[in-house]
Amino acid sequence: MTEAPIDAAAGTGDDDADRKVVEQEQAEIREFIKGLSADDIKSGNWFTKLIAHALNSYTNKVDWQYFQDRYAGVPADAVVDQRIKMAARYAALEGGLSAGAYTAAVAATIGSLGGASPATVPAAVATLMVDVAFITRLQLRLAYDIAVLYRIPLDLSDPDGMWKLIRVAFTIKSGEVVRGGVVKAVPAVVRPVIKRFYSKAVLSAAKGLPFVGKFLLQRNVIKIGIPVVGVPLAVVLNRYTTLLAGRHAQAVFRNEARVIELAENLSKQSQHPQLMLWVAWLVIRANHKITDDETLLMRHLVRLVQEQHQVVDEQLAHLVDFDPAEVWRRIDAEPGDLSDILDLANRVATVDGAANAREKAVISELGDRCCHRA
């Protein structure tokens, strides 16, 4: 299979070149579909096989240096934006090529698949599967590209790393793409269809790949044979779901990159790395709730303090019941200027949004103690 399809005609604006790339991709996907049985499709095992088919060689080749060689000196945001738009274009072209083959018989045939033994995949189902597999692979690789461009470490040999990529690529955590307002970028006439597409996007409990395969197939069935203002729904859905999936991946991985960057800066600038960890945890625990961004920040702070300052705080690592008095004791016992600690507290408090009342109260007390020392 083509290693990096989004690069193939990027920026040329050549419709014929883009179409040629898409047709080549479709032909390769058809060969993959020919190797599937009806049971593979009905059970969702097609997705497990596609994952291996789509990512194994791709991830070995496509890394941060791969993009540096092609986009030297270009900020990550600009490259990500280009790749999202190109992927959405390819998705729309593929939808147009597939739409003509869709009939009402396709939906009916999906339900008749199966039996306990493998069977030949009907032609109507193969048509749908080429479309679904094409878009699935395109969106999966797009999400991976975005993670690489923002330098987010993804270990796809680890089930948790693979699940993270799948969840982000297919926006399957409670339909956050729609709720988050990204759908406003879609023309008003298409929004009801897009909302329907994402309406059951909840897979937080079941991480089995066949389960995801069944989910993706069911979600894509709604595009069959329904026109939207004279435009085949396959074109509309392919384009906008890829666009939204890309924007969602960008939001998730860019935010993670932002938090990691903050952790790196705090660790680099700190004159009191061990105390920094205790104060960061004090601010995070101020309102007795811990957000995902706060957890991510703390995890990377601990890692960076160990790597850059050779500090490992076993007491903090094994702490269960947190007592703020322990932090105040450590601050009072620390000689010298603690302005870096006060700056740290302010930046930690805003990692997940504006500081709340309890965080402000902690920072106020910290400021009093630091100023008193000065």
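Biologist: The charged end of which residue sits over the ring of Tyr 66?

Modeller: A charge sits over a ring if NZ of Lys or CZ of Arg is within 6 Å of the ring centre and within 35 degrees of the ring normal. Here Arg 70 places its charged end over Tyr 66, 3.7 Å from the ring centre. Arg 151 lies over the face of Trp 64, also with 3.7 Å to the ring centre. This is a predicted model: local features need pLDDT of at least 70, side-chain atom pairs count only at pLDDT 80 or more, and totals for chains, interfaces and linings use all residues. Residues are numbered from 1 along each chain as its sequence is written, and side-chain values use heavy atoms, with hydrogens and water left out.

Biologist: How many aromatic pairs does a search of the whole structure find?

Modeller: A pair of aromatic rings is described by the distance of the centres and the angle of the planes. Rings of Phe, Tyr and Trp (its six-membered ring) pair if their centres lie within 6.5 Å; planes under 30 degrees apart are stacked, over 60 edge-to-face, the rest tilted. The search finds four pairs. One of them, Phe 47 with Phe 170, is edge-to-face, at 6.0 Å centre to centre and 70 degrees between the planes. Tyr 66 and Phe 67 also form an edge-to-face pair, with 5.3 Å and 90 degrees.

Biologist: Is Tyr 66 buried or exposed?

Modeller: Buried means under 20% relative accessible area, exposed over 50%, partly exposed in between (1.4 Å probe, protein chains only). Tyr 66 counts as buried because its relative accessibility is 6%. Phe 47 and Phe 170 are both buried.
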